[in-house]
Protein chains: 2
Amino acid sequence: MSEKLQQLKTLLAEVADLNNAQALLGWDQQTYMPPGGSEARGNQLATLGKISHQKFTSDEIGTLLSDLEKEYKGADPDSDDLRLLKVTRHNYDKATRVPSEFVAEFAVVTSKAFEAWVEARKKSDFSIFRPHLEKVVELNQRYVSFFPPADHPYDVLLDQFERGMKTAEVKDIFDTLRSQQVELLKAIAEKPQVDDSFLHVEYNEKKMMDFSEVIATKFGYDWERGRQDKSAHPFTTNFSINDVRITTRFEPDNPTIMLFSTMHETGHALYELGSKQDYERTPLAGGASLAVHESQSRMWENLVGRSLPFWEHFYPEFQKLFPAQVGNVDLDTFYKGINKVESSLIRVNADEATYNMHIMLRLELEIGMIEGKIEVKDLPEIWNAKMDEYLGILPPDDARGVLQDIHWSGGTLGYFSTYALGNLISAQLWEKITADIPDLADQFRQGKFDALLTWLREKIHVHGNKYEPQELVQRVTGSKIDPAPYIRYLKHKFSDIYGL
Amino acid sequence: MSEKLQQLKTLLAEVADLNNAQALLGWDQQTYMPPGGSEARGNQLATLGKISHQKFTSDEIGTLLSDLEKEYKGADPDSDDLRLLKVTRHNYDKATRVPSEFVAEFAVVTSKAFEAWVEARKKSDFSIFRPHLEKVVELNQRYVSFFPPADHPYDVLLDQFERGMKTAEVKDIFDTLRSQQVELLKAIAEKPQVDDSFLHVEYNEKKMMDFSEVIATKFGYDWERGRQDKSAHPFTTNFSINDVRITTRFEPDNPTIMLFSTMHETGHALYELGSKQDYERTPLAGGASLAVHESQSRMWENLVGRSLPFWEHFYPEFQKLFPAQVGNVDLDTFYKGINKVESSLIRVNADEATYNMHIMLRLELEIGMIEGKIEVKDLPEIWNAKMDEYLGILPPDDARGVLQDIHWSGGTLGYFSTYALGNLISAQLWEKITADIPDLADQFRQGKFDALLTWLREKIHVHGNKYEPQELVQRVTGSKIDPAPYIRYLKHKFSDIYGL
């Protein structure tokens with residue numbers, strides 16, 4: 001290996017160590033930290049973040065990168081080394097273009113915006129959050145201005161989460177999706193609703209937790225390289241390719257949610273655990289993008305975990321665990337219950353068929369704000385109108401409407417679409433997987449998931465962050481992100497369930 | 001405040017953040033980290049340690065220190081600001097005198113020495129460890145050479161753990177202690193042994209853990225600013241004055257040990273939690289030295305937790321929890337059982353009356369090695385001879401003799417005496433406390449410990465690391481560390497128990 005590449009890797013490894021240490025500080029904050037540790041933890045995260053940023057944006061890394069780009073001109077464009085340079089360049093340019101004064105201002109503004117959002121949501125009073133969100137939008141517009149003009153200013157925001165993705169592509173995808181998904185929802189709404197009352201009774205938390213871990217184990221989660229804890233909001237985090245942890249939560253109102261939450265986070269974790277070991281302590285470790293990540297979590301949660309073959313295997317065990325709750329509920333009823341489609345106000349609780357509608361709404365608002373076509377003050381009204389149009393329901397208050405999500409209060413615009421794109425990618429991969437492994441459903445019926453995991457490992461996981469998301473999807477499926485498979489999947493699944 | 005002092009504090013705060021982050025990495029490593037995370041964790045700790053060292057030994061801090069020492073010449077020698085400069089200077093000189101090549105070599109040698117020690121202990125074969133220990137001794141001698149000549153070379157090693165402490169002082173203390181403690185042990189050995197068979201039966205771990213936390217709460221441990229987890233070796237760690245955590249372990253062979261372990265660690269934690277809040281993120285936070293720290297842990301474990309008044313309050317509850325184990329054991333028998341004196345091979349299991357003998361043995365060997373008067377090859381023989389002389393028993397093998405402790409394999413010489421000094425300080429403080437609070441025993445009989453904690457907070461805890469250990473003991477008790485109170489305490493306690 002070139003001596004300079006070795007030098008670069010050494011510097012990047014230190015940055016990775018700092019970032020991984022920050023991730024542990026964050027994990028602890030959300031799992032075990034006593035309340036008293038809060039203020040000090042903020043300082044520790046800020047200091048590590050600052051040092052990591054300084055180290056990564058150093059002239060030393062800049063010079064090494066430039067030298068190496070010359071040295072590696074003409075090298076195999078698919079080699080790990082060249083890709084490492086490419087990803088590092090992408091991240092380096094992003095990190096160096098943004099002035100540190102801006103970063104500091106952003107931190108101050110969003111810290112206040114977060115507090116205002118918490119209060120606004122509590123009181124369901126958008127006016128408390130409004131001036132802060134206006135600043136957030138203005139900061140995002142300034143952020144865009146630090147970069148060369150893009151096809152669309154929103155491209156720059158999107159690129160933070162989906163390297164190389166264009167607003168025009170996302171719009172195209174969502175345009176195709178919108179009408180078809182609305183049509184499907186209308187068809188479902190005309191049919192009798194399924195019963196899911198048995199999900200909303202009391203379940204024992206400990207038994208549910210244990211069962212969720214049985215499933216994670218069956219999926220292939222390696223407990224020697226991870227663990228599950230509880231947190232207010234479930235998440236996956238990692239401090240190494242070999243230490244990838246998940247969290248879950250128990251909601252007494254909706255106790256079976258814990259199962260699907262664990263499956264979801266297991267999907268994320270399996271992806272991180274599957275990175276090539278050579279990528280440890282480099283920017284090539286980890287997922288290609290948020291959308292590809294979400295394709296993995298949603299696949300294990302929905303395409304596997306809410307499928308009939310899956311429950312053909314696990315339902316007898318589940319019934320044995322919870323005889324009072326589902327002893328008299330037959331498999332078909334259970335399967336329909338966990339797949340109930342119902343327009344609802346809150347994105348995070350939405351079912352598979354309605355989820356993307358929540359995302360499209362947010363994307364349209366974000367693009368409008370960045371283009372300057374939608375003013376913050378008009379958001380609640382537009383939000384409600386779109387909820388009515390897309391889902392046929394009206395939020396009774398802003399807490400359950402425009403104020404429901406944390407993202408904007410953290411200064412984040414450009415994130416939401418990754419959730420929907422993840423759904424699309426999951427179905428797109430699924431068509432390929434089921435073609436490659438024709439007896440997949442039978443394997444699930446026997447509680448076997450290793451063929452699926454092996455496929456994902458080889459095609460997706462092992463590549464880590466080497467390829468851009470669109471490029472990866474293209475390599476694996478033969479086309480870029482395409483909404484058609486997801487529409488086919490939804491139509492097929494819910495035609496069965498609702499007898500369309 | 002002087003602008004330069006503010007600058008210094010800002011830099012020191014960053015170093016503190018890095019050190020606190022390292023402490024969390026260490027806590028996680030010993031509590032929750034899955035095995036797969038081990039290698040990456042080593043890298044993260046090394047990177048943070050390196051950056052912290054670089055930041056602390058920077059010229060910027062050196063210049064600020066020198067400037068500020070001039071600026072604060074003549075300031076109140078007891079002011080926090082001046083003491084901050086003094087402690088920082090002490091640490092800075094220590095950190096800058098040692099060349100980074102030495103630090104790197106030390107890391108390599110001790111990493112190998114640790115592995116060799118593990119194997120040597122397992123096989124009970126000193127020859128495996130011997131060449132490594134020889135290097136460790138040589139490294140410690142070189143370490144001493146980086147510092148100005150001291151009265152005794154061992155002073156430099158001692159100063160790492162007991163700022164300002166001299167070898168001559170420790171020798172004097174131990175010379176007084178040795179003969180009196182040997183005499184006491186002989187007197188005890190002539191008396192009939194007490195019964196402690198009820199401690200070595202099966203106890204329920206969960207109930208023992210819960211009870212240990214009831215005691216910690218009664219002692220004043222603030223669960224909003226700490227927590228207890230399990231680890232292979234109990235310890236206390238902190239990431240802030242307001243996030244101080246303890247761990248404990250359950251030993252099936254000796255299940256009640258968990259109680260005393262929790263009391264011990266609670267003692268350490270109460271000390272850290274009691275630092276003046278202004279000291280957060282400065283080198284003044286935390287304990288004055290290892291010995292003063294140990295005085296706190298041993299006080300809560302032994303002078304409180306193994307006292308008769310303590311159990312007069314807690315024993316009925318303990319009997320109710322464990323009727324099968326101690327339902328028929330009266331309080332007097334129980335009290336004697338938990339205070340049984342018996343010569344034993346292993347330091348960490350030693351009782352109050354024999355513990356210091358183990359320490360004196362080690363101190364004599366360490367001083368001999370540093371002076372060059374004892375050769376590593378002769379250690380097993382000298383060890384066994386001293387065990388016979390001090391405790392009247394002979395280790396059947398080196399695993400239970402010279403190879404039992406981890407310290408030397410980590411390169412650490414100068415540490416052991418702090419354990420014994422801590423015992424002495426605890427009794428010295430106790431005489432002062434019981435004079436100041438005459439009804440202390442009655443308070444314990446009612447399960448009240450707040451007067452004791454308040455006293456410790458005011459006299460010891462609040463000062464953090466402001467004073468040197470000897471200075472602190474002198475301020476509080478009117479004299480430097482003195483073995484007489486400990487001897488009086490042991491004689492009084494064990495005369496009662498053994499009817500001397």
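Me: How many salt bridges are there between chain A and chain B?
Reply: This is a predicted model, and side-chain atom pairs count only at pLDDT 80 or more. One of the bridges joins the side chains of B:Glu14 and A:Lys50, at 2.5 Å from N to O. Between chain A and chain B the count is six salt bridges.

Me: Which element gives the most to the side of chain A that touches chain B?
Reply: Across the interface, 14 residue pairs are in polar contact. On the side of chain A, the elements giving two or more residues are helix H1 (3-31), helix H2 (38-56), strand S2 (236-240) and strand S3 (243-248). With 10 residues, the one that gives the most is H2(A).

Me: What area is buried between chain A and chain B?
Reply: The contact takes 37 residues from chain A and 37 residues from chain B. Carbon and sulfur atoms give 60% of the buried area, which is about 2,800 Å².

Me: Which residues in chain A lose the most area to chain B?
Reply: The area buried between the two chains is about 2,800 Å². Three residues together make up 17% of what the chain A side buries: A:Leu24, A:Tyr32 and A:Pro34.

Me: Why are the buried residues of H20(A) on the same side?
Reply: In helix H20 (residues 469-477) of chain A, the buried residues are A:Pro469, A:Gln470, A:Leu472, A:Val473 and A:Val476. They sit on the same side of H20(A) because, around the axis, they cover an arc of only 160 degrees.

Notes. Residues numbered from 1 in each chain as written. Chains lettered and ligands numbered in written order. Predicted model: local features only at pLDDT ≥ 70, side-chain atom pairs only at ≥ 80, totals over all residues. Heavy atoms only, no water. Contact = heavy atoms within 4.5 Å. Buried area = accessible area lost by both parts, 1.4 Å probe. Salt bridge = Lys/Arg side-chain N within 4 Å of Asp/Glu carboxyl O. Polar contact = N/O pair within 3.5 Å; in protein donor to acceptor, adjacent residues only side chain to side chain. Helix = DSSP H or I, 4+ residues; strand = E, 2+ residues; numbered from the N terminus. Buried < 20%, exposed > 50% of the residue type's maximum accessible area, 1.4 Å probe, protein only. Arc of directions from axis to C-beta.
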